[in-house]
Amino acid sequence: MISHFELYLTFENIYLWTNYGILPFWFMLIFIPNHRVTEIFLNSIIIPLILASAYIYTIYKTMLLDISIIEIFKIYLNLDGLYTVFATESFLLIFWLHFISLNIFIGSWLTRDAIKYNISRSVTFLPLVLVYFSGPVGLFLYWLIRIFYAKKIRFHD
């Protein structure tokens with residue numbers, strides 16, 4: 001017997017809830033990075049646990065659909081393999097959850113690092129927005145800014 005909750009947890013609903021649900025945390029990173037609430041949510045395991053739960057549930061539902069997880073390895077063969085994997089709704093959602101999880105992690109690290117080096121919110125605004133939309137581009141821009149503020153280049157931290 002399928003519960004009402006399970007009927008509600010469609011791939012589309014998971015996608016919508018994670019997209020809308022992550023936005024308040026991005027606003028906290030951008031506008032109130034030093035606030036205690038931001039520290040509680042974004043410097044703890046809370047957000048990763050929520051996103052990991054959605055990720056694991058989506059993988060579970062994918063396995064119930066008799067779609068082989070091994071199919072995911074087609075992404076390493078060529079671009080057509082990547083296209084084929086992303087054409088499957090469940091795998092597309094898995095990769096999207098992966099993407100937003102990494103981006104919120106990068107955004108959280110960026111904010112903590114900016115506080116450490118006394119970089120103002122107005123300076124980190126653009127890198128954070130870019131991290132939200134295209135993780136590596138925002139991270140690269142922040143790294144360039146950080147070199148200026150920290151007055152040194154470090155490849156590990």
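In what order do the elements of the protein run from the N terminus on? The order is α-α-α-α-α-α-α, and the secondary structure accordingly comprises seven helices and zero strands. Helices (H or I, at least four residues) and strands (E, at least two) are taken here as DSSP runs, numbered from the N terminus. The model is a predicted one, in which local features need pLDDT of at least 70 and side-chain atom pairs count only at pLDDT 80 or more, whereas totals for chains, interfaces and linings use all residues. Residues are numbered from 1 along each chain as its sequence is written, and side-chain values use heavy atoms, with hydrogens and water left out.

The protein has 157 residues, of which 32% are buried. Buried denotes under 20% relative accessible area, exposed over 50%, and partly exposed the range in between (1.4 Å probe, protein chains only). Among the contacts with a separation of 6 or more, 61% involve residues 24 or more positions apart, a contact being defined by heavy atoms within 4.5 Å.

Helix α6 spans residues 89-116. Its 28 residues reach 40 Å from the first C-alpha to the last, close to the 40 Å expected at 1.5 Å a residue; the expected span is 1.5 Å times one less than the number of residues. Leu93 has its place in this helix and counts as buried, at 5% relative accessibility. Residues up to four places away in sequence being left aside, Leu93 touches Phe11, Ile14, Tyr15 and Thr58. Leu93 and Glu12 are 81 residues apart in sequence, yet their C-alpha atoms are 8.6 Å apart in space. Thr111 is likewise found in helix α6. Thr111 is buried, with a relative accessible area of 6%, and touches Leu29, Pro33 and Leu128, again not counting residues up to four places away in sequence.

Just after α6, Asn118 takes a positive phi of about 60 degrees, a positive value in a residue other than glycine. Asn118 lies in the loop between α6 and α7 and counts as exposed, at 68% relative accessibility. Within helix α7, Ser134 is partly exposed, with a relative accessible area of 26%. The C-alpha atoms of Ser134 and Phe99 are separated by 9.2 Å, although the two residues are 35 residues apart along the chain.

Side chains of opposite charge can pair when their charged atoms come close. A search of the whole structure finds two salt bridges, each defined as a side-chain nitrogen of Lys or Arg within 4 Å of a carboxyl oxygen of Asp or Glu. Asp113 forms a salt bridge with Arg146, the closest N and O atoms being 2.4 Å apart. Because Asp113 lies in helix α6 and Arg146 in helix α7 (residues 121-150), the pair ties together parts that are 33 residues apart in sequence. Asp113 is buried, with a relative accessible area of 4%, and Arg146 is also buried, at 5%. The other salt bridge joins Arg36 to Glu39, with 3.6 Å between the closest N and O atoms. Arg36 and Glu39 both lie in helix α3 (residues 36-42), three residues apart, about one turn of the helix. Arg36 is exposed, with a relative accessible area of 55%, while Glu39 counts as partly exposed at 34% relative accessibility.

The largest pocket has a volume of about 370 Å³. On a 1 Å grid over the protein atoms alone, a pocket is an open set of points with protein on both sides within 12 Å along at least five of seven lines, and lining residues have an atom within 4 Å of a point. Grid points are joined across faces, edges and corners, and the volume is the space filled by probe spheres set on the points. The largest pocket is lined by 16 residues, of which Ile14, Trp17, Thr18, Ile50 and Ala54 lie nearest its centre. Helices α1 (4-8), α2 (11-31) and α4 (46-64) each supply at least two residues of this lining, and the largest share, seven residues, comes from α2. The lining divides into 12 nonpolar residues, four polar and no charged. In this classification Ala, Val, Leu, Ile, Met, Phe, Trp, Tyr, Cys and Pro count as nonpolar, Asp, Glu, Lys and Arg as charged, and the others, Gly among them, as polar.

Key
On a 1 Å grid over the protein atoms alone, a cavity is a set of points where a 1.4 Å probe fits but cannot get out, and a pocket is an open set with protein on both sides within 12 Å along at least five of seven lines; lining residues have an atom within 4 Å of a point.
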